[in-house]
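Dear colleague,

Please find below the structure that I am handing over to you, followed by an account of what was found in it.

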Amino acid sequence: MLHDISSESVAGSGHVLEAMATLPAFREARRWVLRQLEIAQDASSLIEAGCGNGAALPDVMSLMGTTGRFVGVDPTTAFIDVARARAARLGASYAEFKVGDVRAMPCDAGEFDAAFCDNVLIHAGPAKAALGEMARVTRPGGHIGAVEWLPFFLVSSTRPSTAEAFNAIFKAAVHDYFVSGNLKRHFHETGLKRVRTQTFLAHTDSLDAHPWWRAFIVHQMPVFTRIGLIDEATARAFLTDLEALNARHEFSASFIVTAAVGTNPS
Ligand SMILES: C[S@@+](CC[C@H](N)C(=O)[O-])C[C@H]1O[C@@H](n2cnc3c(N)ncnc32)[C@H](O)[C@@H]1O
């Protein structure tokens with residue numbers, strides 16, 4: 001399972017995360033969450049649980065202004081190194097990155113005005129433990145947000161059984177496959193109030209319309225076969241079919257991203 005793989009192996013997927021950050025559905029979902037957090041320019045403190053390589057930083061900076069406090073926490077040290085380099089490159093002197101677990105963050109209670117996570121609850125759970133910890137470090141009345149997706153691709157294929165095997169990879173690989181459909185319940189169970197959700201559709205009719213599609217579907221396949229999530233022959237058949245459809249302009253793929261925001265009781 002992907003969440004059981006060592007941090008250093010996960011770090012090999014850095015290029016997928018970089019591309020993910022700009023895929024419109026993920027970016028719009030993250031921006032929607034960030035807007036709902038009601039960050040005050042130059043005066044807010046914000047924490048991102050599972051910040052990865054800091055890909056959210058440009059969006060965070062455009063809301064936070066030039067002062068304030070931003071902390072990113074992630075257990076993958078190689079990602080934290082990239083995040084620190086990114087902050088230095090972008091001039092985000094108020095950004096700080098710590099190695100840590102979303103379920104036990106190295107922060108005090110009520111230390112932040114707001115907290116969010118992006119594609120983390122699907123890998124690290126249970127959701128209640130992660131959200132509970134995000135709520136703990138956020139002040140009373142502060143907002144907590146999450147972006148998650150259902151990694152089920154409605155993908156064109158002349159061989160539906162290979163598309164099924166492709167989708168089965170993610171069901172087996174993640175910790176909580178359906179978390180995106182249950183965000184409202186998880187937020188309520190954490191004690192958060194005024195919970196609102198929004199969904200975003202990712203769609204393409206070309207494998208090359210945005211770098212993420214090929215990076216996620218094609219370039220990761222050797223990793224999936226190596227760790228036994230799909231057999232080599234099926235993976236090859238799926239990709240050969242996909243490339244042929246793409247070349248004939250008969251390819252399309254879609255999936256759904258969900259975002260939620262709730263408020264800590266005052
Ligand atoms: C799909 S990546 C998303 C990273 C980042 N939020 C982004 O959108 O680019 C999932 C992230 O969750 C992190 N992660 C896995 N287990 C975690 C845990 N227990 N606590 C915090 N983060 C965790 C991984 O290291 C990885 O950076």
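Helix 7 and helix 11 cross with a left-handed sense. In this predicted model, the axes of helix 7 (residues 160-173) and helix 11 (residues 232-247) come within 9 Å and cross at roughly 115°, so the two helices are roughly perpendicular to each other. Helix 7 contributes Thr162, Ala163, Ala165 and Phe166 to the contact, while helix 11 contributes Thr234, Ala237, Phe238 and Asp241. By class, the residues of this contact comprise five nonpolar, two polar and one charged.

On the helix 3 side the contact is made by Arg30, Arg31 and Leu34, and on the helix 4 side by Asp59, Val60 and Leu63. Three of the residues in the contact of helix 3 with helix 4 are nonpolar, none is polar and three are charged.

Is Ser44 buried or exposed? Ser44 counts as buried because 20 other C-beta atoms lie within 10 Å, and 20 or more is the cut-off for a buried residue. Leaving aside neighbours within four places in sequence, the contacts of Ser44 are Ile39, Met64, Gly68, Asp113 and Ala114. Met64 is 20 residues from Ser44 along the chain, and their C-alpha atoms are separated by 6.8 Å.

Turning to helix 6 (residues 127-136), its buried residues are Ala127, Ala130, Leu131, Glu133, Met134 and Ala135. Which elements do the buried residues of helix 6 pack against? Their partners are strand 1, strand 4 (112-118), strand 5 (138-155) and helix 8 (183-189). In the loop between strand 4 and helix 6 lies Pro126, and the peptide bond from Gly125 to Pro126 is cis, with omega near 0°.

Most residues other than glycine have a negative phi, and most peptide bonds are trans. Arg194, which is not a glycine, has a positive phi of about 45°. Arg194 lies in strand 6 (residues 193-204) and counts as exposed because it has 10 C-beta neighbours inside 10 Å. His249 likewise has a positive phi, near 60°, and is a residue other than glycine. The place of His249 is the loop between helix 11 and strand 7 (253-263), and with 9 other C-beta atoms within 10 Å, His249 is exposed.

Finally, there is the ligand. Around the ligand are 21 residues, of which Gly50, Gly52, Thr76, Val102 and Ala124 come nearest. The shell around the ligand divides into twelve nonpolar, five polar and four charged residues.

With kind regards

Terms used
Residues numbered from 1 in each chain as written. Predicted model: local features only at pLDDT ≥ 70, side-chain atom pairs only at ≥ 80, totals over all residues. Near = placed C-beta within 6 Å. Nonpolar A, V, L, I, M, F, W, Y, C, P; charged D, E, K, R; others polar. Buried ≥ 20, exposed ≤ 12 C-beta atoms within 10 Å, placed from the backbone. Contact = placed C-beta atoms within 7 Å. Helix = DSSP H or I, 4+ residues; strand = E, 2+ residues; numbered from the N terminus. Axes fitted to C-alpha atoms, helices over the stretch in contact; angles between N-to-C directions. Parallel < 35°, antiparallel > 145°, perpendicular 65-115°, else oblique. Left-handed = near helix turned anticlockwise from the far one by under 90°.
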